[in-house]
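Trainee: Hi, could you walk me through this structure? I'd like to start with the terms you use.

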Amino acid sequence: MSVLVFAENADGKFKKSIFEVVSYAKAIAAQNNTSLVAISIGDVAEDELAGLGKYGADKVLNVSTTQLKTFVNQAYASVIAEAAKKEGANIVVLSNSFSGRGLAPRVGVKLEAGVADGAVSLPQQTDGKFSVKKTAFSGKAFATVELTSANKVIALTPNSYKVVDGGNAAPVETFSVEAKESDFKTMVKEIVRATDKVSLPDAEIVVSAGRGLKGSENWGMIEELANLLGAATACSKPVSDAGWRPHSEHVGQTGIAVSPNLYIAVGISGAIQHLAGISSSKVIVVINKDPEAPFFKVADYGIVGDAFEVVPKLIEAVKQYKALA
Ligand SMILES: Cc1cc2nc3c(=O)[nH]c(=O)nc-3n(C[C@H](O)[C@H](O)[C@H](O)COP(=O)(O)OP(=O)(O)OC[C@H]3O[C@@H](n4cnc5c(N)ncnc54)[C@H](O)[C@@H]3O)c2cc1C
């Protein structure tokens with residue numbers, strides 16, 4: 001028995017969410033007194049792969065074929081399932097990223113495994129039971145699910161487990177698996193990143209704004225605040241529907257789900273469909289001129305005031321703080 005973790009790369013590099021998921025998988029391996037094997041698919045340099053050992057991987061399997069250079073959901077799921085079988089891994093861990101959300105159920109089917117996607121904490125393993133706390137109902141609630149199958153697949157929500165480093169470089173082994181033609185019915189030909197800014201699903205800080213900002217011409221202060229804080233920018237649905245901001249920034253039930261350490265909401269009412277995408281944020285700050293705005297009910301800190309006065313003051317305060325630091 002061992003634990004297998006899928007380490008997904010972005011342009012040949014591993015992001016922080018992968019260090020989180022490797023650290024998380026290591027903790028599960030430790031709970032079960034077993035080893036942790038990581039698998040990487042695509043074009044990643046040897047030292048980057050070996051570096052996963054720092055976060056707990058005892059060994060790294062490297063799958064690097066031309067056919068699998070870009071992400072192909074079905075084919076990647078087959079490779080991960082084959083690796084799990086070969087390594088005797090009965091627990092497979094992935095990030096609940098865009099790709100991870102597609103992979104987890106497919107790997108689950110191939111391994112006849114119970115799946116817990118959107119996990120937010122380590123599994124509880126008592127009295128022979130294996131339970132995982134996860135987000136439910138588009139992030140509106142949490143559920144604790146019990147995985148009763150012998151094999152288990154867990155997809156970890158980004159920003160819900162701390163990065164634990166301190167290990168040593170891990171040995172890297174080439175892993176080859178016969179590709180099935182049926183796995184390549186749909187191919188990703190090219191991935192064009194929307195911007196080179198902080199990626200929204202991975203962001204630790206998000207500055208988000210809504211219809212209270214009146215128009216796209218007023219986003220300068222939101223971007224300035226986000227740049228100062230190293231944050232990603234986001235918006236409510238009507239804002240992207242109106243074309244004030246790109247759809248890639250739309251957060252909520254029908255948009256992206258985020259789980260940053262800090263979510264700053266400016267001029268957003270806090271409709272249930274918006275809250276669905278942000279409820280696993282650690283700290284929520286709301287700026288709204290209406291003291292009755294529903295968003296204040298879920299806020300950790302609230303500022304009742306006009307965004308056009310509050311945000312410039314906040315920018316000044318952050319600049320002063322940075323100058324002192
Ligand atoms: C099926 C369905 C799915 C949906 N999915 C989503 C989704 O994924 N994401 C999403 O966001 N919405 C979604 N919606 C829409 C959602 O119901 C709300 O209509 C939307 O979130 C409201 O956006 P808003 O808060 O920006 O705008 P508004 O509701 O217009 O609120 C604007 C807020 O700004 C405040 N304000 C105004 N001026 C200022 C100022 N100068 N300073 C400070 N505050 C100010 C107001 O007090 C108000 O609270 C969905 C709706 C449906 C029916």
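Mentor: Happy to. Two strands pair if DSSP finds at least two bridges between them. Helices (H or I, at least four residues) and strands (E, at least two) are DSSP runs, numbered from the N terminus. This is a predicted model, where local features need pLDDT of at least 70, side-chain atom pairs count only at pLDDT 80 or more, and totals for chains, interfaces and linings use all residues. Residues are numbered from 1 along each chain as its sequence is written.

Trainee: How many bridges join S2 to S3?

Mentor: Five bridges join strand S2 (residues 36–41) to S3, again in parallel. Leu61 turns up here too, as the bridge partner of Ile39.

Trainee: And how do strands of a sheet pair in general?

Mentor: They pair through backbone hydrogen bonds, either parallel or antiparallel.

Trainee: Why is S3 described as largely enclosed?

Mentor: Because four of the five residues of strand S3 (residues 59–63) are buried. A residue counts as buried if 20 or more other C-beta atoms lie within 10 Å of its own, exposed if 12 or fewer, and partly exposed in between, with C-beta atoms placed from the backbone.

Trainee: What about S1, how many of its residues are buried?

Mentor: Four of the five residues of S1 are buried, so the strand is largely enclosed by the rest of the structure. S1 runs parallel to S4, with four bridges joining them, and Ser2 has Ala89 as its bridge partner in S4.

Trainee: Can we zoom in on Val3? Which strand is Val3 found in?

Mentor: Val3 is in strand S1 (residues 2–6). Val3 counts as buried because 30 C-beta neighbours lie inside 10 Å.

Trainee: Which residues is Val3 in contact with?

Mentor: Contact here is between residues whose C-beta atoms, placed from the backbone, lie within 7 Å. Leaving aside neighbours within four places in sequence, Val3 is in contact with Ala25, Ile28, Ala29, Thr34, Leu36, Ala89, Ile91 and Val93.

Trainee: Tell me about H1. How many residues does H1 have, and what does H1 reach from first C-alpha to last?

Mentor: Helix H1 (residues 16–31) has 16 residues and reaches 23 Å, close to the 22 Å expected at 1.5 Å a residue. That expected span is 1.5 Å times one less than the number of residues. Twelve of the 16 residues of H1 are buried, so this helix is largely enclosed by the rest of the structure. Among the buried ones are Phe19, Tyr24 and Lys26.

Trainee: What do the buried residues of H1 pack against?

Mentor: They pack against S1, S2, strand S4 (89–95) and strand S9 (152–156). After H1 comes Asn33, with a positive phi near 50 degrees.

Trainee: Switching topic: what order do the strands have in the open sheet of five?

Mentor: The order is S12-S11-S13-S14-S15, with parallel pairing. Strand S12 (232–235) and strand S15 (301–304) stand at the edges with a single partner strand each, so one side of each is left without a neighbour in the sheet. On average, neighbouring strands of this sheet are turned by 15 degrees against each other, direction ignored.

Trainee: How are those angles defined?

Mentor: Axes are lines fitted to C-alpha atoms, for helices over the stretch in contact, and angles run from 0 to 180 degrees between N-to-C directions.

Trainee: And which strands does H8 lie across?

Mentor: Helix H8 (residues 307–324) lies across S13, S14 and S15, at about 135 degrees to S14. Strand S13 (residues 262–266) and strand S14 (residues 283–288) pair in the parallel sense over five bridges, with Ile264 opposite Val285. Those two residues are 21 apart in sequence and 4.7 Å apart in space, C-alpha to C-alpha. Ile264 is buried, with 27 other C-beta atoms within 10 Å.

Trainee: Last one: how many residues surround the ligand?

Mentor: 26 residues surround the ligand, and the closest are Gly210, Gly212, Ser236, Lys237 and Gly252. To be near a molecule, a residue needs its C-beta atom, placed from the backbone, within 6 Å of it. H6 gives the most to this shell, with three residues.

Terms used. Two residues are in contact if their C-beta atoms, placed from the backbone, lie within 7 Å.
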